[in-house]
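Here's a quick briefing to read alongside the model. Have the sequence and the 3D view open as you go.

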Amino acid sequence: MHLLNLGILAHVDAGKTSLTERLLHHAGVIDELGSVDAGSTRTDTLALERQRGITIKAAVVSFPVDGITVNLIDTPGHPDFIAEVERVLGVLDGAVLVVSAVEGVQAQTRVLMRTLRRLGIPTLVFVNKTDRRGARPEAVLRELTERLAVPVVAMGTVTAPGTPAAAFTPADPAPDVLADHDDTLLAAYVDGTLTPARVRAALRAQAHRGVVHPVYAGSAATGAGVPELVAGIKELLPPAAGDPDGPLSGTVFKVERGPAGEKIAYARLFSGTLRVRDRIGADGARSKVTAVSVFGDGTDTRAEAVPAGRIARLWGLTDARVGDRLGTPRPGHGRFFAPPTLETVVVPGPGTDRRALHLALTRLAEQDPLIGLRHDEVRAETSVSLYGEVQKEVLQATLADEHGLAVTFRETTPLCLERPAGTGAAAEFIKKGDHPFLATVGLRVEPAPPGTGVTFGLEVELGAMPYAFFKAVEDTVRETLAQGLHGWRVTDCAVTMTHSGYWPRQSHAHQGFDKSMSSTGYDFRGLTPLVLVDALRRAGTRVHEPMHRFRLEAPADTLGALLPVLAALDAVPDTTRTEGSRCVLEGVVPAARAHALEQRIPGLTRGEGEWESAFDHYAPVAGGAVPERPRTDRNPLDRKEYLLNVTGRVGG
């Protein structure tokens with residue numbers, strides 16, 4: 001069976017969901033078009049999506065096109081839900097990037113196209129809303145080339161743009177862009193032997209590889225250009241690949257709960273065949289598949305097996321989380337977007353049960369792995385990591401609508417991290433000093449290159465003590481580094497074990513194991529945090545805050561009003577240029593200031609400013625007080641408190 005797993009992506013309000021409705025209507029899957037404004041679309045099923053008119057969760061729906069089964073995935077357009085887009089990209093065979101003919105290329109359009117190009121996902125472009133007043137399809141085509149800096153091929157022209165009669169007229173693709181990527185085509189172009197069939201074949205080959213991007217135009221509202229787009233989807237995007245007889249390999253890209261609270265995992269199979277009653281591993285866990293449904297002809301139907309290339313809903317994977325790999329890991333697939341850089345504390349409202357809130361947040365986190373939860377048992381608080389303020393509003397509404405829990409949030413703060421400032425070492429020995437642990441542990445902490453995370457190595461012989469003790473030290477090192485000297489996660493550091501020692505298993509004649517005379521994993525897990533924070537103190541750490549790279553395009557005569565505000569919010573432009581009557585500023589701004597600055601832009605630019613920002617890097621906090629984060633562990637920074645918490649006594 002010819003299959004195509006297709007993603008619909010766009011900046012918010014470009015008409016993604018409306019185009020999805022039109023494609024389903026064109027294929028005969030639905031008899032009546034749904035409306036985003038009326039909340040009656042097929043893919044926006046959450047109550048909150050219908051209320052706000054935005055897509056929050058990716059949705060899958062299927063339709064047939066001349067013998068091809070297209071599994072269409074409608075994705076969110078708002079940048080706060082970029083994590084939802086991220087997980088969908090890993091299961092796509094091709095994509096349609098929707099651009100508004102009125103607003104043109106927008107901030108999220110640029111982010112999405114850069115990612116699609118980096119991943120080599122074959123992509124068509126659909127310029128939507130050509131029937132709207134102010135539509136400028138020809139100018140948008142130029143923007144695609146200039147602002148996105150990608151090779152595009154116009155597949156036709158628009159007549160009567162900006163009116164309800166706007167129509168798309170197909171035309172043979174021009175060979176000039178294609179010739180840039182095909183020497184034989186260029187030679188034929190130069191000597192005059194090029195034929196339309198040869199151009200079409202080159203277009204198909206280059207579009208399949210994601211080298212060029214065919215551009216269609218029309219209106220999801222009127223249906224103009226949609227038949228041509230459907231024909232392009234069939235001809236210019238490659239079908240799903242995969243060997244159904246190969247080793248099982250798949251990815252879970254969505255998790256939801258059914259009417260009875262059962263967990264349902266959405267998965268794409270890249271290889272092999274998955275059958276009901278198979279026991280499969282989801283990143284180490286093994287569960288039995290109790291039921292399967294596959295998508296086709298506008299709905300999903302129960303099946304006994306899922307072959308490679310298909311998307312299915314799976315029941316029985318009780319421990320499944322978004323991002324889990326089924327069977328053999330797929331090479332070269334990883335995270336494409338930056339993790340969230342903001343954090344807020346969830347505050348239960350009057351009458352809200354804290355245990356019910358904890359359970360609800362845990363379930364939401366299993367559906368979205370980038371919602372990081374952090375529980376503080378001492379203060380009875382839960383923090384969540386976020387991309388932006390809209391995501392916070394959605395989380396609040398979801399807890400209220402789906403779980404009946406009223407919450408508010410504290411002020412959003414940046415999610416910082418710590419890096420070692422130098423090298424530090426420490427060691428503690430059995431029965432020396434005031435610690436009660438039957439273990440010797442020595443550790444050295446050193447800076448490592450940015451992006452390397454935490455590495456652990458040994459300067460002692462691996463056979464110097466049981467492997468389980470080394471593993472206990474390494475695991476505890478990684479756990480302890482979740483909270484550094486200032487409470488933030490410590491990263492980009494190399495930890496080396498320099499000393500080790502233990503007491504072998506002791507027993508008395510005719511008696512059993514004497515725990516008081518024998519080392520256990522408990523001893524190494526208990527001592528390691530004390531040694532590690534001592535080494536960290538000697539090395540020192542620097543707190544780094546997340547920085548966004550921004551691009552601001554605005555009327556040139558507003559530059560004088562913009563610059564003082566940028567300076568006041570710690571935004572530092574590193575390039576400023578003028579393009580006609582407009583100025584373009586690019587630079588960096590602390591993530592904590594990006595939202596406030598974005599809100600100021602319309603008022604400073606008469607509503608004509610275009611703001612784009614995305615996480616770029618972490619930089620040392622400059623000036624002012626170093627941000628601190630409350631600890632949630634047993635606080636090895638305070639030796640007496642730690643020993644009291646762990647052993648019930650201060651030490652000795």
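What follows is a short tour, from the whole chain down to strands, sheets and aromatic rings.

This is a predicted model, so to speak of local features here takes pLDDT of at least 70 and side-chain atom pairs count only at pLDDT 80 or more, while totals for chains, interfaces and linings use all residues. Residues are numbered from 1 along each chain as its sequence is written, and side-chain values use heavy atoms, with hydrogens and water left out.

**The chain overall**

- The protein chain has 16 helices and 34 strands; these are DSSP runs numbered from the N terminus, with helices (H or I) of at least four residues and strands (E) of at least two.
- Of the 652 residues in the protein chain, 53% are buried, where buried means under 20% relative accessible area, exposed over 50% and partly exposed in between (1.4 Å probe, protein chains only).
- Take the contacts in the protein chain with a separation of 6 or more: 72% of them come from residues 24 or more positions apart, a contact being heavy atoms within 4.5 Å.

- Seven of the seven residues of strand E4 (residues 94-100) are buried, so E4 is largely enclosed by the rest of the structure.
- In a regular strand, side chains alternate between the two faces of the sheet.
- Here Gly94, Val96, Val98 and Ser100 point one way from E4, Ala95, Leu97 and Val99 point the other way, and all are buried.
- Strand E1 (residues 2-10) pairs with E4 in the parallel sense over five bridges; strands count as paired if DSSP finds at least two bridges between them.
- E4 also pairs with strand E5 (residues 123-128), in the parallel sense over six bridges.
- Leucine 97 in E4 is the bridge partner of leucine 9, and leucine 97 also stands opposite valine 125 in E5.
- E4, helix H4 (residues 107-119) and E5 make a right-handed β-α-β unit: with the strands pointing away from the viewer, the path from the first strand over the helix to the second runs clockwise.

**The E26-E27-E30-E28 sheet**

- Four strands form this open sheet, in the order E26-E27-E30-E28, and the pairing is mixed.
- Its edge strands are E26 (424-428) and E28 (454-458), each of which pairs on one side only.
- Neighbouring strands of the sheet are turned by 20° against each other on average, direction ignored.
- E26 and strand E27 (residues 439-447) pair in the antiparallel sense over five bridges, with alanine 426 standing opposite leucine 443 in E27.
- Helix H13 (residues 521-539) packs on the sheet, touching E26, E27 and E30, and its direction makes about 35° with that of E27; axes are lines fitted to C-alpha atoms, for helices over the stretch in contact, and angles run from 0 to 180 degrees between N-to-C directions.
- Helix H12 (residues 467-480) lies across E27, E28 and strand E30 (493-502), running at about 155° to E28.

**Aromatic rings**

- A search of the whole structure finds eight aromatic pairs.
- The rings of phenylalanine 550 and tryptophan 611 have centres 5.3 Å apart and planes at 10°, so the pair is stacked. Rings of Phe, Tyr and Trp (its six-membered ring) pair if their centres lie within 6.5 Å; planes under 30 degrees apart count as stacked, over 60 as edge-to-face and the rest as tilted.
- Phenylalanine 550 and tryptophan 611 are both buried.
- Phe253, Tyr266 and Phe295 form one aromatic cluster.
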